[in-house]
There are 2 protein chains.
Amino acid sequence: MTRWTVHGERAAYQSPWVSVGLADVELPDGRRFDHHTVRTPRPAAGVVVHEPDRGVLLIWRHRFIPDTWGWEIPAGRVELGETIEAGAARETLEETGWRPGPLRYLCQFTPMSGVADTRFILFAAAGANHVGEPLDAHEAERIEWVPLPEVRAVLARGEMVDGMSMIGLLWAMSFDGLGDTP
Amino acid sequence: MTRWTVHGERAAYQSPWVSVGLADVELPDGRRFDHHTVRTPRPAAGVVVHEPDRGVLLIWRHRFIPDTWGWEIPAGRVELGETIEAGAARETLEETGWRPGPLRYLCQFTPMSGVADTRFILFAAAGANHVGEPLDAHEAERIEWVPLPEVRAVLARGEMVDGMSMIGLLWAMSFDGLGDTP
């Protein structure tokens, strides 16, 4: 068995948003050392909203921490007391001004498996209704429906660099029929 | 412009592996607050190794921080003074005992764009040569060449939950011809 033994974990930094710990781990061969952990208490969820005539609902935005610009799907942190689906739909509305139709589960994953316990969940929605200006206007430089051939070109040109957005679109193309000729 | 203004950042926790900061940010509408940052000084890189007769070189492993089991591509941290390609090839050899052939760039991304400056880079290799037992035997419960139809089934069943591995395989299927009938 290659499961590591964790003898305990002590806090190095704690906050309601992100905490860092030092886990006391032992490998199967007996080596023992401290390993950093990054823990985020809430999962995040995103939505691939697609309409045959419009394309995919995307946001062009800057991320100040990695200092990158790129296209992203609407996504954000699920709040306490909220279902994951409700959080994904709320974030879509807040960031784009469009309320997505019923959500269909796509997949979930751990974005930084070796360091963080963070969990991301992805959904698809067949369309959305326009409600108004986005509440979180500070999130997006542009909000656009991007036609599917252009979505593929955006990916190929490296203009989508957010991992969650990439998994959403690539998964939808490989497993949810996105881009299939009708 | 929706680029946020960053007035400064102070350290909350520092280590050579991962650091946490508090950035003093101002939104375009004038709201100002502290935003957590997670910074990792080194990028990580992974390789999708594929041979037509064998399939894809994958590792079945446990991740103690998110407490998940799943199939992953070989990947790891690029060390100081090492090129990203060299780090990706070294990690593949250390984790699997197979030395990959020449690497072909696939894509790069930020796995947690809203929180971390971490950067992941992915490559493909057409085959690998067996060198011996993996140096990092503690990384993997199983090391296997998984045939392509089974790789698709692994993804569909949710038996691959590591984001970097998912992007590597999904990207290779959508943009690098992985799985195309010859």
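Two strands pair if DSSP finds at least two bridges between them. The model shown here is a predicted one.

Strand E5 of chain A covers residues 55-63. Strand E4 of chain A covers residues 44-51, and it pairs with E5(A) in the antiparallel sense over two bridges. E4(A) and E5(A) form a hairpin, with three residues between them.

E5(A) has other partners. One of them is strand E6 of chain A, residues 68-72. Five bridges join E5(A) to E6(A), and the two run antiparallel. Within this pairing, A:Arg61 has A:Gly70 in E6(A) as its bridge partner. E5(A) and E6(A) also make a hairpin, this one with four residues between the strands. In that hairpin A:Asp67 takes a positive phi near 60°.

Another partner is strand E12 of chain A, residues 142-146. Here too five bridges do the joining, and the strands run antiparallel. A:Ile59 stands opposite A:Ile143 in E12(A).

How many of the nine residues of E5(A) are buried? Nine of the nine are, so the strand is largely enclosed by the rest of the structure.

Now turn to a helix in chain B. Helix H3 of chain B spans residues 163-175 and has 13 residues. From its first C-alpha to its last it reaches 17 Å. That is close to the 18 Å expected at 1.5 Å a residue. Of the 13 residues of H3(B), 12 are buried, so this helix is largely enclosed by the rest of the structure. The buried residues include B:Met164, B:Ile167, B:Leu170 and B:Trp171. B:Gly163 and B:Gly168 are also among them. After H3(B) comes B:Gly177, whose phi is positive, near 75°.

Next come the charged residues. Side chains of opposite charge can pair when their charged atoms come close. Over all chains, the structure holds 32 salt bridges. One of them joins the side chains of A:Asp34 and A:Arg10, at 3.1 Å from N to O. A:Asp34 lies in strand E3 of chain A (residues 32-39) and A:Arg10 in strand E1 of chain A (residues 5-13), so the pair ties together parts that are 24 residues apart in sequence. Both ends are partly exposed: A:Asp34 has a relative accessible area of 40%, and A:Arg10 has 47% relative accessibility.

In chain B, the side chains of B:Glu159 and B:Arg157 meet in a salt bridge of 2.9 Å, N to O. B:Glu159 counts as partly exposed at 27% relative accessibility. B:Arg157 counts as partly exposed at 47%.

In chain B, B:Glu94 forms a salt bridge with B:Arg90, and their closest N and O atoms are 3.3 Å apart. These two residues are four apart in helix H1 of chain B (residues 84-96), which means they are separated by about one helical turn. Is B:Glu94 buried or exposed? B:Glu94 is buried, because its relative accessible area is 19% and buried means under 20%.

A:Glu94 sits in helix H1 of chain A, residues 84-96. A:Glu94 is buried, with a relative accessible area of 18%. Leaving aside its neighbours within four places in sequence, A:Glu94 is in contact with A:Pro134, A:Leu135 and A:Asp136. A:Glu94 also belongs to a network of salt bridges that links it with A:Glu82, A:Arg90 and A:Glu91.

Finally, see how the two chains meet. The contact takes 63 residues from chain A and 63 residues from chain B. Between them, chain A and chain B bury about 5400 Å², with 68% of it on carbon and sulfur atoms. Which three residues supply 14% of the area that chain A buries against chain B? They are A:Phe64, A:Ile65 and A:His138, and they supply more than any other three residues.

Across this interface the rule finds two salt bridges. A:Arg3 forms a salt bridge with B:Asp67, the closest N and O atoms being 3.2 Å apart.

A rotation of 180°, with 0.0 Å of shift along its axis, superposes chain A on chain B with an RMSD of 0.0 Å. That is the relation of a two-fold axis. The same surface serves both copies, as 100% of the contact residues of chain A recur in chain B.

Notes: Residues numbered from 1 in each chain as written. Chains lettered and ligands numbered in written order. Predicted model: local features only at pLDDT ≥ 70, side-chain atom pairs only at ≥ 80, totals over all residues. Heavy atoms only, no water. Least-squares fit on C-alpha atoms with pLDDT ≥ 70 in both. Contact = heavy atoms within 4.5 Å. Buried < 20%, exposed > 50% of the residue type's maximum accessible area, 1.4 Å probe, protein only. Expected span 1.5 Å × (residues − 1). Buried area = accessible area lost by both parts, 1.4 Å probe. Salt bridge = Lys/Arg side-chain N within 4 Å of Asp/Glu carboxyl O.
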